[in-house]
Amino acid sequence: MAANFWSSTQKLYWQFSKAEIQEMRQQLESDDSTGLQQYPIPEKRLLSIFFNQQLVKLGKRMSVRQQALATAQIYVRRFYIKVDLRDTNPYLILATALYLACKMEESPQYIRVVVSEARNMWPDFIPSDVSKLGECEFILISEMNSQLIIHHPYRTLQQLQGRLSLSQDDISLAWSIINDHYLTDLPLLVAPHVVAIAAIFLALALKPGQVSLQGHASTSAALASMAQPHKENSQAKINPTNSSQERVEYFVKWLAEGEVDIQAVVDSTQELISLYDVWEQYSEKTCKEQISRFVKARGLDK
């Protein structure tokens, strides 16, 4: 196991540019142009919301920890940049990813329990034969080249709590934003600490108790514009205060004094805001219907 992210397989083999991810997805679609026309699927972020909600529901049935859920979501995202969704039974992939993630995060679940709970949730799509999940696990591991160790942003968030004088409300909101970043491509685009810093910035920029990032598209622009001037005066004495604006300024000054890629933080912030904007279009019913159509038609539920 890599002691840190920079020497891990996650950094070496599972970090891409947006262009590279787009190229991989386009290649999958071109390889199955007939399926693309016959079985339309939701926009990828809407599909990610659906997958996330299904995994969370399944995880709650087995009291799975958040980090295992997060690892499962990354497994699913990795898998589906290498394999066309229409060639799989997504429900079996979700159950298998969670089963594998629990083992990797040292909180294993019995395979029969996972299959039983998954069948209770998706009776029309999960076979009773536990060997099917075992076979799917082998496929999942193979597609990820046995590179299964995942580094998450949660540790950075906890490490920065004292340094940035973050309140428990700040931590709770940033934690929720980190949870939501798994619904985007950010785990494949940037380092975990960048996500943590973007989540902290958004948590500080939002009003206490606010549950949506809608209407805060200007926050990423503020981060970019505020950071640059402070680089010239990095020795200035700065102290966190209770004022929301001053707390954000303190955070940006701290960021400017470090070596974090500010543009990556800005891009991550924009990606998160974009997710919340598209969330309004989400329909669980539509996702279920479109997935069911190709799974049944192609006999992938057997």
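This is a predicted model: local features need pLDDT of at least 70, side-chain atom pairs count only at pLDDT 80 or more; totals for chains, interfaces and linings use all residues.
1. Let's start with the overall picture. The protein is built from 16 helices and has zero strands. Of its 302 residues, 53% count as buried.

2. Next, a word on how the chain comes together. Take the contacts between residues at least 6 apart in sequence: 79% of them join residues at least 24 apart.

3. As background, two packed helices are described by the angle between their axes and the distance between the axes.

4. Which residues of α4 and α16 meet? From α4 come Leu46, Leu47, Phe50, Phe51, Gln53, Gln54 and Lys57, and from α16 come Glu284, Cys287, Lys288 and Ile291. Sorted by class, this contact of α4 with α16 has six nonpolar, two polar and three charged residues. Cys287, one of the α16 residues in the contact, is buried, with a relative accessible area of 2%.

5. Staying with cysteines, Cys136 is buried too, at 7% relative accessibility, since buried means under 20%. A disulfide is a covalent bond between the sulfur atoms of two cysteines. How many disulfides does a search of the whole structure find? The search finds zero.

6. Now have a look at helix α7 (residues 111-121). Its buried residues are Val114, Val115, Glu117, Ala118 and Met121. An α-helix has 3.6 residues a turn, so residues three or four places apart point the same way. Among the elements covering the buried residues of α7 are α4, α6 (90-104) and α8 (130-143).

7. Most residues other than glycine have a negative phi. Glu106, in the loop between α6 and α7, has a positive phi of about 60° although it is not a glycine. Ser146, in the loop between α8 and α9 (154-163), likewise has a positive phi, near 60°. Are these residues buried or exposed? Glu106 counts as exposed at 73% relative accessibility, and Ser146 counts as exposed at 53%.

How values were computed:
Residues are numbered from 1 along each chain as its sequence is written. Side-chain values use heavy atoms; hydrogens and water are left out. A disulfide is a pair of cysteine sulfur atoms within 2.5 Å. Buried means under 20% relative accessible area, exposed over 50%, partly exposed in between (1.4 Å probe, protein chains only). Contact means heavy atoms within 4.5 Å. Helices (H or I, at least four residues) and strands (E, at least two) are DSSP runs, numbered from the N terminus. Ala, Val, Leu, Ile, Met, Phe, Trp, Tyr, Cys and Pro count as nonpolar, Asp, Glu, Lys and Arg as charged, and the others, Gly among them, as polar.
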